[in-house]
Amino acid sequence: MGLFTHRRLALAASVLTPSLMGIALVLRDIPLLGAIFMAAVAVGTGLAAARGWHLMAAFAGPLVAYALIGNLFVTLPSGTAAADASIVSGLTAMAYVAAGGVWTSVVGAFVVRTVGVKPPRAVPGHTARHFAAALGILIGITAFVCMQWLDPASWWIILTFFVVVQPYYADSTRRVLERVGGTLAGALIAVIIVGLLHGFPTVITVIAFVLTIGAAYANLKLPYWVFAMLLTPAVVLQTSGSTRDLLFSVGERTLYTLIGAAAAVAVMWAGHRYLSRRAARSTGAVADSR
């Protein structure tokens, strides 16, 4: 996303994202500080909309939430370990993310020129501030709840917030519908694949790879619901274990997506209603003064 603006911005994101993930790993067992930290990341994402950088930040934010709440593992010479198990595992996880970001920044520049995608538009300062407030409230409170009471997969709620909450209310409403519809369709695809091919893990891996490539293309050229429909089974198929784990993961992540979408709609509707009433009062006061 940063490449659509400038390569230097993408390289900066390649360093900032793993750094924020490293902080998140340190705060995993401290719910209050973790929630405050995630709220700060969310507010930063919202304010970045004034520069047109919010789409890039909205992709980095979920990775930070994953490190803070989810089950992030890393491969070491000694075997697989949790990213927060030691300093070495944490730094290794950060290095993987940084390397992927730098590689994307270098190689992806050629792809961006080929596909010809326009950079995200900046929004007015007051809109960015309202956007930041909505994201900060939603993500800060939810991060605390997830860390205190829910299981690691609940980070998908925060992922949903970063995806569906947009600077403008109409865009947010449309994105919620696309996210829910795409996720449900993608979950159905994953269930069908697992049901038909549960005895052929290599085939499932190949299908997941193809879905990932398709999702990357859809993210650039097709409606968002297509991206969500392809990405959901791709992620689930690559991050779960046995057939039973896959089916449980599909159901759990779909549930958390629906919870996130419902909470986002409620907060955005309340904020939109408040701002509309305040604008109406201001207009009425100006009319009365005349």
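**Pocket and helix contacts**

I started with the second largest pocket and read off about 430 Å³ of space in it. The model is predicted: local features need pLDDT of at least 70, side-chain atom pairs count only at pLDDT 80 or more, and totals for chains, interfaces and linings use all residues. Residues are numbered from 1 along each chain as its sequence is written, and side-chain values use heavy atoms, with hydrogens and water left out.

I noted how a pocket is set: on a 1 Å grid over the protein atoms alone, it is an open set of points where a 1.4 Å probe fits, with protein on both sides within 12 Å along at least five of seven lines, and lining residues have an atom within 4 Å of a point. Grid points are joined across faces, edges and corners, and the volume is the space filled by probe spheres set on the points.

I listed 19 lining residues, of which His130, Pro167, Gly271, His272 and Leu275 lie nearest the centre of the pocket. α5, α7 (169-197) and α10 (243-289) each give two or more residues to this lining, and α5 gives the most, with 7 residues. Helices here are DSSP runs (H or I, at least four residues) numbered from the N terminus. The lining divides into 12 nonpolar, 7 polar and no charged residues. Nonpolar means Ala, Val, Leu, Ile, Met, Phe, Trp, Tyr, Cys and Pro; charged means Asp, Glu, Lys and Arg; the others, Gly among them, are polar.

I then followed α5 to its contact with helix α6 (residues 155-164), where the axes are 9 Å apart at an angle of about 175°. Axes are lines fitted to C-alpha atoms, for helices over the stretch in contact, and angles run from 0 to 180 degrees between N-to-C directions. α5 and α6 are therefore roughly antiparallel (over 145 degrees; under 35 would be roughly parallel). Leu135, Leu138, Ile139, Thr142, Ala143 and Cys146 of α5 meet Ile157, Ile158, Phe161 and Phe162 of α6, contact being heavy atoms within 4.5 Å. I counted 9 nonpolar, 1 polar and no charged residues there.

Next I checked helix α3 (residues 54-69) against α5 (residues 125-149): the axes come within 12 Å and cross at roughly 15°. That makes α3 roughly parallel to α5. His54, Leu68 and Ile69 of α3 make the contact with Phe131, Ala143, Cys146 and Met147 of α5. This contact has 6 nonpolar, 1 polar and no charged residues.

Last, I took helix α1 (residues 7-26) with α3, whose axes come within 8 Å and cross at roughly 25°. α1 and α3 are therefore roughly parallel to each other.

Methods: Parallel < 35°, antiparallel > 145°, perpendicular 65-115°, else oblique.
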